[in-house]
Amino acid sequence: MNSLADPKISDLLERLQESAQRDSERWAERSARQQQNPPASDEPDPLIRMGEFYLGVSPAEGKLLYMLARSGKAKQIVEFGASYGISTLYLGAAARDNGGQLITTEVHPDKCVATRQLITDAGLDDHVTLLEGDALETLKALQDDVDLLFLDGWKGLYLPMLELIRPRLHDGSLVAADNVDHQAAQPYVEAMEAVDSGFVTTTVGDMQLSCYSG
Ligand SMILES: C[S@@+](CC[C@H](N)C(=O)[O-])C[C@H]1O[C@@H](n2cnc3c(N)ncnc32)[C@H](O)[C@@H]1O
């Protein structure tokens, strides 16, 4: 079984990855705009920002996530930060092929509308649930064990998110954290690399992979 070969999913991934490639152009335009008109300091919610960017995983990272989930036979997968759903498609495909579930999270309202539609268009409604709002709140009610946790929301929240989900991890659960070269992710990186962290950890590119050993 390989849902990444399902044209419904592969066509959507191709289209999204093409659009995401234009992020750097958009970033340059935004920086130029902001230099002319600096944003007001009273922004309503610091969590809700950068709606114009995909900030998505690359095709190589997406396939890596799919393979990690598939080879680990992950049935319960949790994603922190869906954005426009690129990684959600890779992880959702793995959840479907494993006969499992992906719970994904996103705080930006427009991204939630787009990602909900994407999940439906990909035919993944039976295997993917999107929780809208601050994931530190929406995931509090999580009851099930987590086989794979993917961290890709705002980097300064990686450590609090890990602490929230930690009681749901079991021996052998995998935690993948993207963009750990980001300064804000350093407290998380240091905590995972500590000898008594309870994890075996390595970093590949800018993704840190940690296997829980209880
Ligand atoms: C790097 S992007 C995610 C990219 C996505 N995983 C992908 O590969 O396509 C980070 C996303 O996390 C979301 N986010 C940040 N903090 C959040 C929070 N506390 N709860 C839910 N979503 C959050 C942001 O709105 C943003 O869309």
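Which residues are exposed on the other side of helix 1? They are P7, D11, E14, R15 and E18, and the points below put them in context.

1. First, the ground rules. This is a predicted model, in which local features need pLDDT of at least 70 and side-chain atom pairs count only at pLDDT 80 or more, while totals for chains, interfaces and linings use all residues. Residues are numbered from 1 along each chain as its sequence is written.

2. Overall fold: the protein chain has 8 helices and 7 strands (DSSP runs numbered from the N terminus, with helices being H or I of at least four residues and strands E of at least two). Its radius of gyration is 17 Å, close to the 17 Å from the globule rule for 214 residues, so the chain is as compact as a globular protein of that length. The radius is taken over C-alpha atoms, and the rule is 2.2 Å times the number of residues to the power 0.38.

3. Burial: 40% of the 214 residues count as buried. Here buried means 20 or more other C-beta atoms within 10 Å of the residue's own, exposed means 12 or fewer, and partly exposed is in between, with C-beta atoms placed from the backbone.

4. Back to helix 1 (residues 7-20). Its 14 residues should span 20 Å at 1.5 Å a residue, and the end C-alpha atoms are 19 Å apart, which agrees (expected span: 1.5 Å times one less than the number of residues). I9, L13, L16 and A20 are buried. Seen down the axis, the buried residues of helix 1 fall within an arc of 75°, so they line one face (the arc is that of the directions from the helix axis to the C-beta atoms). Helix 2 (23-36) and helix 4 are among what covers them.

5. Helix 5 (residues 109-121) is worth a look too. K111, C112, T115, L118 and I119 are buried there. The buried residues of helix 5 fall within an arc of 125° seen down its axis, so they too line one face. They pack against helix 1, helix 4, strand 2 and strand 3 (128-132), contact being C-beta atoms, placed from the backbone, within 7 Å. On the other side, P109, D110, V113, Q117 and T120 are exposed. G123, with a positive phi near 75°, follows helix 5.

6. Finally, the ligand. Of the 22 residues around it, G56, G81, S83, I86 and S87 come nearest (a residue is near if its C-beta atom, placed from the backbone, lies within 6 Å). Helix 4 (86-97), strand 2 (101-106) and helix 6 (135-138) each supply at least two residues of the shell.

Conventions:
Contact = placed C-beta atoms within 7 Å.
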